[in-house]
Amino acid sequence: MQVGDPDGHGRYGHVDEEADGLLCHECGGHYRSLGVHAYTAHGMTADEYRAAHGIPQRVPLIATETREAVSAASAARVGSEAWLRMVEKRDPTAASHARTRESFQRRGKDRARQIEVAKRNIAGARKPITRRCEVCDRPIVGRKDRSTCSPLCARISTYRSKSSAPAEVWDQLHAEGAGWSEIGRRYGVTHTNVRNTVLRYRAHMADVEFLEAHGPGDVPEKRG
């Protein structure tokens, strides 16, 4: 299936949004969070939904209005006492071990872009190849071992490569009134794990929103 082909009620590789929410490929309804809806109505995790319909990881499954509200709340928490406690307790090693082969699999638009880049590289094999940022696709200037163009894009890339928990779903459940402990019991993890995962997800979404609004720019290593 190619990007843009009819796929259920939507288009493969795309998430279509209207005033009343995001279009579900499975049932054709519109919802604020496709991640939550896919799990509760169709028994699919957010990752399974993305894989089934070719949705890249960089494409949110939350409606713009809801995402902006969550992003604003997340940005306000960065640098707080709770945020600093979370940073001290996070476990990058455990997150790295949780990654699977599917974590690196490109889908939908990302896969189509990868194919186009490969074709251009083959056609111009004798020409200098400009390295581009894997997050925002801007040219990378500087060290040859870098895959991103700025500290902001590096944080986004790191989160995407290490995140495996259903943070999107947990964040939406908490926004709808569920407590950390309640969510933890439902998924068989500790309430601390849930809270820290959601806080990392909110910080990531704040970075994504900043990138979309301002570009990578000359941002500091950490914003707070």
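**Before you start**

This is a predicted model: local features need pLDDT of at least 70, side-chain atom pairs count only at pLDDT 80 or more, and totals for chains, interfaces and linings use all residues. Residues are numbered from 1 along each chain as its sequence is written, and side-chain values use heavy atoms, with hydrogens and water left out.

Helices (H or I, at least four residues) and strands (E, at least two) are DSSP runs, numbered from the N terminus.

**Stop 1**

Select 17–18, 21–23 and 30–31. Here 3 strands form an open sheet, in the order S3-S4-S5, with antiparallel pairing. Two strands pair if DSSP finds at least two bridges between them. S3 and S5 are the edge strands, and each pairs on one side only. S3 is joined to S4 by 2 bridges. Zoom in on Glu17: Leu22 in S4 stands opposite.

**Stop 2: helix H3**

Select 64–77. H3 has 14 residues and reaches 20 Å from its first C-alpha to its last. That is close to the expected 20 Å, where the expected span is 1.5 Å times one less than the number of residues.

Now show side chains. Thr66, Arg67, Val70, Ser71 and Ser74 are buried. (Buried means under 20% relative accessible area, exposed over 50%, partly exposed in between, with a 1.4 Å probe and protein chains only.) Why do they sit on the same side of H3? They cover an arc of only 130° around the axis; the arc is that of the directions from the helix axis to the C-beta atoms. The face turned away from the buried side carries exposed Glu65 and Ala76.

H8 and H10 are among what covers the buried residues of H3. Just after H3, find Gly79, with a positive phi of about 90°.

**Stop 3: helix H9**

Select 180–187. Trp180, Ile183 and Gly184 are buried. They lie on the same side of H9, because their arc around the axis is only 100°. (Contact means heavy atoms within 4.5 Å.) Gly188 follows H9, and its phi is positive, near 75°.

**Stop 4: the cysteines**

How many disulfides does the structure hold? It holds 0; a disulfide is a pair of cysteine sulfur atoms within 2.5 Å. Select Cys27: the nearest cysteine sulfur, in Cys24, is 3.7 Å away. Cys27 is partly exposed, at 33% relative accessible area. Finish at Cys149, whose sulfur is 3.5 Å from that of Cys136, the closest cysteine sulfur and too far for a bond.
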